[in-house]
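Please read the points below alongside the sequence and the model.

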Protein chains: 2
Amino acid sequence: MSEDTKITNIGEFGLINSLTEGLVLQHTSTVKGVGDDAAVLKFDNQFVVVTTDMLTEGIHFNLMYTPLKHLGYKAVISNLSDIYAMNGTATQIVVSMAISKKFTNEWIEELYSGIRLACEKYKVDLVGGDITSSLTGLNLSITALGTVDDKKITYRSGAGENDLICVSGDLGAAYMGLQLLEREKKVFQDNPDVQPDMEGHDYVLERQLKPEARKDIVEKLSELNILPTSMIDISDGLSSEILHICNQSGLGCKIYADKIPIDGETGLMAQEFNMEPIVAALHGGEDYELLFTAKISDFDTLSQQEGIHIIGYMAAKDEGYYLIPGQGSPIELKAQGWDGFREEEA
Amino acid sequence: MSEDTKITNIGEFGLINSLTEGLVLQHTSTVKGVGDDAAVLKFDNQFVVVTTDMLTEGIHFNLMYTPLKHLGYKAVISNLSDIYAMNGTATQIVVSMAISKKFTNEWIEELYSGIRLACEKYKVDLVGGDITSSLTGLNLSITALGTVDDKKITYRSGAGENDLICVSGDLGAAYMGLQLLEREKKVFQDNPDVQPDMEGHDYVLERQLKPEARKDIVEKLSELNILPTSMIDISDGLSSEILHICNQSGLGCKIYADKIPIDGETGLMAQEFNMEPIVAALHGGEDYELLFTAKISDFDTLSQQEGIHIIGYMAAKDEGYYLIPGQGSPIELKAQGWDGFREEEA
């Protein structure tokens, strides 16, 4: 067994590549299989996007500081975010969960109340699921479906050279929220009498515990008549996501450090933790913002939009993948985003 | 916490009912939500069925005697079975899994080889998924999609009074296979030098470890121009499944014990375990056969089909739900099928 390859050595993406290599698609209704935010299917003349995400206790969430309602909400959001990243409209979800015996009906109802709240807010129908037991821990798996106009599907592979790189909202806050929760958990474990010190950190906590999916950005771009050339949602950190777009579009990129949007509270939190805010923005996960590329002819319109930030441009492949700091030499971008298999995060 | 309701007291179906009560469906593309083998959606003019199932280590399978390839195969089968139970054609699946650190790449590839084998055999496209880690145990969640002719959708609710009740194949074998595996596991644990005694039990073992979904029955019924009035797949035992049809169709039923198809090997195995074979057929799960109702005018055609058995008929609701034994008084049918939450099975 020691000769077998540990998954940590190859990572999730390497593993998925190896497992899905050479898959032959048999149905004409399958337009695009594995490899983007969602699969694209075609039923009659309607293009449908499908995505699935699994959250496991102890890996993606800690029930010590994640309220069940928030967990349910976030589990839906992380799936809807993938639908929006395809430029789609989320329409239905199915929810599967495995729960251990410690869970009571009331706990599950709490979890479901978050799922239902997200469904109501994003106008998505909960149409099915499976509830079963587990020996230990909670496991939550959601599959989301959506519709998309076939002329407007945004694959990761569509970026062109010199296209603008844009992100919505701000980055790194969800990661700093997680750091704060982890710190206060440790303080509490060491001394249960000490009250957690969360004051003034509402924003980073909300970004971690109750994130939103950027349906509004997809709608805004549509109103502005701007069709992104590629799009992906930021669940694993900016650095990892832009590299997906680069790899699948066969291009390089240049990103300007001082253009990356970071909220003031994220900056202060990072300072408290003695880390550079940009590290949280580049490598922190779970922001669920949209990262997209657009034609340079859309520059004027995009640069005037609140909540959309132009942070760089797509370069030729041989120019590599670089972050350009305010001062000093360009830094090569690497995928160090959140990965459930990596061991360095205790 | 002691005031909260334990899930074992209400069961999976009660819980799902309570969680999904009052759900408002917002999309015209949602034709039928929670409550059947699969949800029914409509994209353009194509009706699409969607179903999801989760398997957890220690509850649905034991890796001590379940080869990973078989597990992958079975996980796909259990989903496809739900699509066929809607009278649909399975077209795509997405696969999510959470795996603990003990899993190597080679193990996962073994699991995937079973998933891919089932996809090839049933002509289904694997179009997406998620692989993540878990603290302990393997968790596998699959969502399957299929297409269905809207005039041929078979809901659980469509049975009429006096309709014939039919099942495909034979019942109880998967359950007896499980009993055998559990027995040999205990023998092995008590004395690792004793070789497991599996000889002559190929059929029940195969039914447990590598079940098939009855795509062929759906195709045969279509060729025969027989449209079932209702259909469900038998994953929780005949007794539990016929009660779903009764409840959703607002009817009762009469099932003749000596008409229930039980393979000879299942009978011998039951004898070895000192149990009545019919108990395995009524309450044993995981056979993945189809249970359907049909018009009495189809009697002649159905009674001539190999692999299809007419076992009873739908009665008025006030006649109740009864098993008619060869001798003695009718026995009321109860849902004692496999339920992941029930505690009596160690």
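How many residues does the contact take from chain A and from chain B?

1. The contact takes 67 residues from chain A and 67 residues from chain B, two residues being in contact if their C-beta atoms, placed from the backbone, lie within 7 Å. On the side of chain A that touches chain B, E5(A) gives the largest share, 9 residues. That side divides into 28 nonpolar, 29 polar and 10 charged residues; Ala, Val, Leu, Ile, Met, Phe, Trp, Tyr, Cys and Pro count as nonpolar, Asp, Glu, Lys and Arg as charged, and the others, Gly among them, as polar.

2. This is a predicted model, in which local features need pLDDT of at least 70, side-chain atom pairs count only at pLDDT 80 or more, and totals for chains, interfaces and linings use all residues. Residues are numbered from 1 along each chain as its sequence is written, while chains are lettered from A and ligands numbered from 1 in the order in which they are written.

3. Chain A has 10 helices and 13 strands; these are DSSP runs (helices H or I, at least four residues; strands E, at least two), numbered from the N terminus. The C-alpha atoms of chain A fill a box of roughly 55 × 55 × 50 Å along the principal axes.

4. Among contacts in chain A with a separation of 6 or more, 83% join residues 24 or more positions apart. Val76(A), leaving aside neighbours within four places in sequence, is in contact with Ile93(A), Ile115(A), Ala118(A), Cys119(A) and Ile142(A).
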